[in-house]
Amino acid sequence: MTPEEMTAAAVEATGLDDFGGDSFRAGLDAYCRSIDEAQLNDIGHIAVAANVTASLSNRLKVVDWVKLHPEIREEEIVAPVFVIGMFRAGTTLLSNLFDCDGGNRPLLRWEAGDSIPPPHQNEFRRGPRVDAVAESAAMLDMLNPDISKVHHETADGPTECLTLLGQDFKSLVWEAITNVPSYSGWLMQADSRSAYDYHRLALQTLQSGGVRGRWTLKSPHHAIALDALTAVYPDARLVLLHRDPVALCGSVCSLIRTLSKTFSDADHSAYIGRHWSDLLETSYQRIGAFRAARPDFPLLDVDYADLMADPVGTVSRIYQFTGDPLTEPAARAMEAFVAANPQGRHGRHEYALADYGLDEAEIRERFAPYVG
């Protein structure tokens, strides 16, 4: 898998050749150089190459669509809400609750990877592109039934910003599906600004089809790139989810092993334990540095336990922070969602720290400065 092969495949698939600059190239190069570290199996070789090609193809189509419709660059994105924090901190539940309010505009799973043409209201939740993603997800569930137990997303439901950031190849998505230390090392030193510039362009493009509202977005990548995020979205509203680091480390490691074992038969458990606990610490450090440098920037702390105990009440507090009214219909829709989607609905998620070479006492000591 080389950068030249991947870009050529995307050009052939789309008939387009303008990537909107080469900001993606350094990340693509770093990823391709590191891919042997993932020890991919046969499925992994096919799936990862297809994923890279699809990411490049969507980028080509977004850039081309904006060239044909230059007014898209004037689209306004006002005070978007970014939920930041590591995987497994409650971001999926919170995103789904936001999605119950028709005044919000989520990034849906299907449109993040197949953005062109941007959706109209009558095709936002249904249609051939939604069906194609649903079929692909069903096939992945057949290959690895544990995925739905750990992290369940529907094709027509909210998703991570990781997919869009991944189209500039500065995204934790590539590390999450393939354990690639060299790429991760490169990513942690990279400037994410171009990824957020592309992210904004993609959002402008998507809303230009007519599906609008306050953007409600989420990704663990945001925690490590707050300077870039806020440079591109200076009026963003940041919501930081907190969870017990012991539970967080164990759950994150389980998620990553579940995702990546579909594509590799090697045992990456020890690396996963080291890397993702380090990433959690780096996230805390960078959030702390951002808060120290930007004390006036609007950022709301939300505890995972509060979200789980009182989901709608927690959302109401977030709405007070963002300055939006939580309407009675939206609150009722959120309550109905919670009732219909109890924790563990898709299977019980079980994990053990020892499986990843982690020790509870060591984690508590290590993260004591951040827990307070």
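What follows is a walk through this predicted model, from its strands to its aromatic pairs and its loops. Local features need pLDDT of at least 70, side-chain atom pairs count only at pLDDT 80 or more, and totals for chains, interfaces and linings use all residues. Residues are numbered from 1 along each chain as its sequence is written, and side-chain values use heavy atoms, with hydrogens and water left out.

Start at strand E1 (81-84). Helices (H or I, at least four residues) and strands (E, at least two) are DSSP runs, numbered from the N terminus. Val-81 and Val-83 point one way from E1. Phe-82 and Ile-84 point the other way. All of these residues are buried. Buried means under 20% relative accessible area, exposed means over 50%, and partly exposed lies in between (1.4 Å probe, protein chains only).

E1 has parallel partners. Four bridges join E1 to strand E3 (residues 214-219). Four bridges also join E1 to strand E4 (residues 237-242), again in parallel. Two strands pair if DSSP finds at least two bridges between them. Ile-84 stands opposite Ser-219 in E3. Val-81 has Arg-237 as its bridge partner in E4.

Now turn to the aromatic rings. A search of the whole structure finds 11 aromatic pairs. Rings of Phe, Tyr and Trp (its six-membered ring) pair if their centres lie within 6.5 Å; planes under 30 degrees apart count as stacked, over 60 as edge-to-face and the rest as tilted. One of the pairs joins Tyr-31 and Trp-174. Their ring centres are 5.1 Å apart and their planes lie at 45 degrees, so the pair is tilted. Tyr-31 lies in helix H2 and Trp-174 in helix H9 (residues 173-177), so the pair ties together parts that are 143 residues apart in sequence. Tyr-31 is buried at 0% relative accessible area, and Trp-174 is buried at 1%.

Tyr-284 and Tyr-370 give a stacked pair, 5.2 Å centre to centre with 20 degrees between the planes. This pair also links distant parts of the chain: Tyr-284 is in helix H14 (residues 269-293) and Tyr-370 in helix H19 (residues 368-371), 86 residues apart. Tyr-284 counts as buried at 16% relative accessibility. Tyr-370 counts as partly exposed at 30%.

Arg-59 lies over the face of Tyr-198, at 5.0 Å from the ring centre. Arg-243 lies over the face of Tyr-304, at 4.2 Å from the ring centre. A charge sits over a ring if NZ of Lys or CZ of Arg is within 6 Å of the ring centre and within 35 degrees of the ring normal.

Finish with the backbone in the loops. The peptide bond from Ile-116 to Pro-117 is cis, with omega near -5 degrees. Pro-117 lies in the loop between helix H5 (109-113) and helix H6 (128-143). Gln-39 is a residue other than glycine with a positive phi, near 50 degrees. Gln-39 sits in the loop between helix H2 (25-34) and helix H3 (42-68). At 48% relative accessibility, Gln-39 counts as partly exposed. Ala-79 also has a positive phi, near 45 degrees. Ala-79 lies in the loop between H3 and E1. Ala-79 is buried, with a relative accessible area of 8%.
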